[in-house]
Amino acid sequence: MENTIEVKNLCFTYEGYGDVPDVEALHDVSFTVEKGSFTAILGHNGSGKSTLASVLCMLSEPASGEVYINGKLMTGEDVTDEDVFDARRRVGMVFQNPDNQIVASVVEEDVAFGCENLGLPPAEIRRRVDDALECVGMRKYARHSPHKLSGGQKQRVAIAGVIAMKRDCIIFDESTAMLDPMGRREVMETIEYLNKVEGVTVILITHYMEEAARADRVIVMNGGRVLTTGTPGEVFSEPELLWDADLDVPQTTELLYRMKKAGLDVRLDIFDFEECAAEIARAVKKRQSEVK
Amino acid sequence: MKMDIAFGQYCEGNSILHRLDPRAKLIISIIYIVVLFLAKNVFTFALLTLTTMALVILSGISLRVIAGGLKPILFIALFTAIINIFFFTGDTLLVDLKIVKIYLEGLFNAGLIVLRIVLLIVSTSMFLTYTTTPLALTDGMERLLSPLAKIGVPVHDFSMMMTIALRFIPTLIEETGKIMNAQKARGADFTSGGLIKRARAIIPIIIPLFVSAFRRAGDLATAMECRCYTGGAGRTRMNVLHAKWYDFAFVLAVTALGAAVVLMNIYLPGYTVTM
Ligand SMILES: Nc1ncnc2c1ncn2[C@@H]1O[C@H](COP(=O)(O)OP(=O)(O)OP(=O)(O)O)[C@@H](O)[C@H]1O
Ligand SMILES: [Mg+2]
């Protein structure tokens, strides 16, 4: 399988000044992201997730380590401006605060901004902008001014702007943090649609375990290091590890874990409420038949 | 009502004036202003009043909106009128108050000058403010001035700055309100005391506003970079401006109007305005 992103021994330090000490935000981080996969990154506040994302988008340069994008080395001395531009047209990011990533004062103009920078022909831009707005359900707001939209609607406009550029990989940095449960579900559906149907590689930085559970792979960060990686099933099967890193596990996992602790023979890698209920019922029945 | 700076005083509509190319509108406005200053006698003023009224009818914008737009220039118009009435010397003395003398010509002159100011405001707002969004205007300006980019004038950068300003002014206004409320909640008082005291009360608003504006600017720069922005070079636009036949027709018509005014100045002397 081809790798969209490959990171090896990445270290990143925010330089201190005066009395402010250096902050080592990333320490010896290594992982790979397969083409077309859906990866979730978890970690508590300050664990280095945003820093990692900014390195992957070529926004900051790491102190040491290697980053490969589509197999091309993007760190070191001999990376040209064209290489950086090329990497940016492959890897995009949706930031946490939608207010500070919208450039134009009309929604569709903003969605078009990225495509305009790529130098695409006008008719092609028009088509992509309409499709992207349709995809995030904001078509009827095309001529609105963004500052009159709600936080969630702004975030969707920002997502549309990234979608329109048709990149191989999109990083969502807590892009659902400002949304209500409805808005979050809708954005998650958009993200999954992009991943499953359009084949976009997705990296989702999140604090919501339920969102992480829907990914193909989970990377858990703690204090600038990778704590553990694996499928959601593997990662959440060891709740103690996550609890030690001040993280939660999905509610279903927590429930099943407690039942297991209490002696019930259940699997831990279940994240769907219905399936979870079925698993508990199965285990309870089995137990009853054993007792009899 | 909170004014929407992004749309300025733009009135939604689909008239021919709305549909004109912003570049054409900028050129036409400049010609129209020059023509207004070329007008010298009553006949030319009458002609220009008629054409301006025709513009108003064409635009379909209500007279109330236009009258509202004239309010800010009321003072200037009045001031020029008074200066003209009191300090203009002519032949026909109307009122003699020893210190000031009012002449018929002064009244006449004042009338035409006020008319010129009114026509100036109404016609330019017909072409620019009411029928064109600031964004379209910025766009038109960028494209009109794009030849200057070849001699090193940063045309694209200025238009980008303008676009971003239009985008962020409402956000910053909103933020000012939030900061003021936050400071009020801590007991700040912006409404009482002398000028100095009130000016000092502004400081706790300005400083957080600046800090936040700089943070926003940094974030926006990062986001723009992330969206492959590298300046004007190699950039295309989604909405390409296409000049249509009526754009040329309008420019021609206004140029013809200018020629007519010049000819009328020459062949119909009399009742001329000074200034
Ligand atoms: N611009 C900066 N200058 C100095 N230190 C910084 C800067 N940005 C972040 N840091 C530090 O780097 C560490 C990692 O920050 P980062 O923003 O990557 O965390 P995060 O995992 O994204 O957190 P959150 O969940 O709150 O978004 C933190 O200790 C933070 O204090
Ligand atoms: Mg972060």
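Does Leu263(B) count as buried, partly exposed or exposed, and why? Select Leu263(B) to begin; you will find this residue in helix H10 of chain B. What you have open is a predicted model. Leu263(B) counts as partly exposed because its relative accessibility is 48%, and partly exposed covers the range between under 20% for buried and over 50% for exposed.

Now widen the selection around it. Leu263(B) belongs to a nonpolar surface patch whose members include Ile30(B), Phe43(B) and Tyr267(B), with about 840 Å² of accessible area together. Helix H2 (22–38) and helix H10 (245–267) of chain B each give two or more residues to this patch. H10(B) contributes the most, with 4 residues.

Next, move to chain A and pick out its open sheet of 4 strands, where the order is S2-S1-S4-S5 and the pairing is antiparallel. Strand S2 (23–34) and strand S5 (72–73) are the edges of this sheet: each has a single partner strand, so one side of each lacks a neighbour in the sheet. Then show strand S1 (residues 3–14) beside strand S4 (residues 64–69), an antiparallel pair joined by 5 bridges. In S4(A), Glu66(A) is the bridge partner of Lys8(A).

For the last stop, select ligand 1. It is surrounded by 13 residues, with Asn45(A), Gly46(A), Lys49(A), Ser50(A) and Thr51(A) the closest. An oxygen atom of the ligand lies 2.7 Å from an N or O atom in the Lys49(A) side chain. For Glu174(A), the corresponding side-chain distance to a ligand oxygen is 3.0 Å. On its own, ligand 1 has 640 Å² of accessible area, and the protein covers 62% of that.

How values were computed: Residues are numbered from 1 along each chain as its sequence is written. Chains are lettered from A and ligands numbered from 1 in the order in which they are written. This is a predicted model: local features need pLDDT of at least 70, side-chain atom pairs count only at pLDDT 80 or more; totals for chains, interfaces and linings use all residues. Side-chain values use heavy atoms; hydrogens and water are left out. Patches are made of residues with over 30% relative accessible area and no salt bridge: like charges are joined within 9 Å, nonpolar side chains (Val, Leu, Ile, Met, Phe, Trp, Tyr) within 5 Å. Accessible areas come from the Shrake-Rupley method with a 1.4 Å probe; for residues, only the protein chains shown count as cover. A salt bridge is a side-chain nitrogen of Lys or Arg within 4 Å of a carboxyl oxygen of Asp or Glu. Buried means under 20% relative accessible area, exposed over 50%, partly exposed in between (1.4 Å probe, protein chains only). Two strands pair if DSSP finds at least two bridges between them. A residue is near a molecule or strand if one of its heavy atoms lies within 4 Å of it. A polar contact is a pair of N or O atoms within 3.5 Å; within protein, one must be able to donate a hydrogen and the other to accept it, and residues adjacent in sequence count only if both atoms are side-chain atoms.
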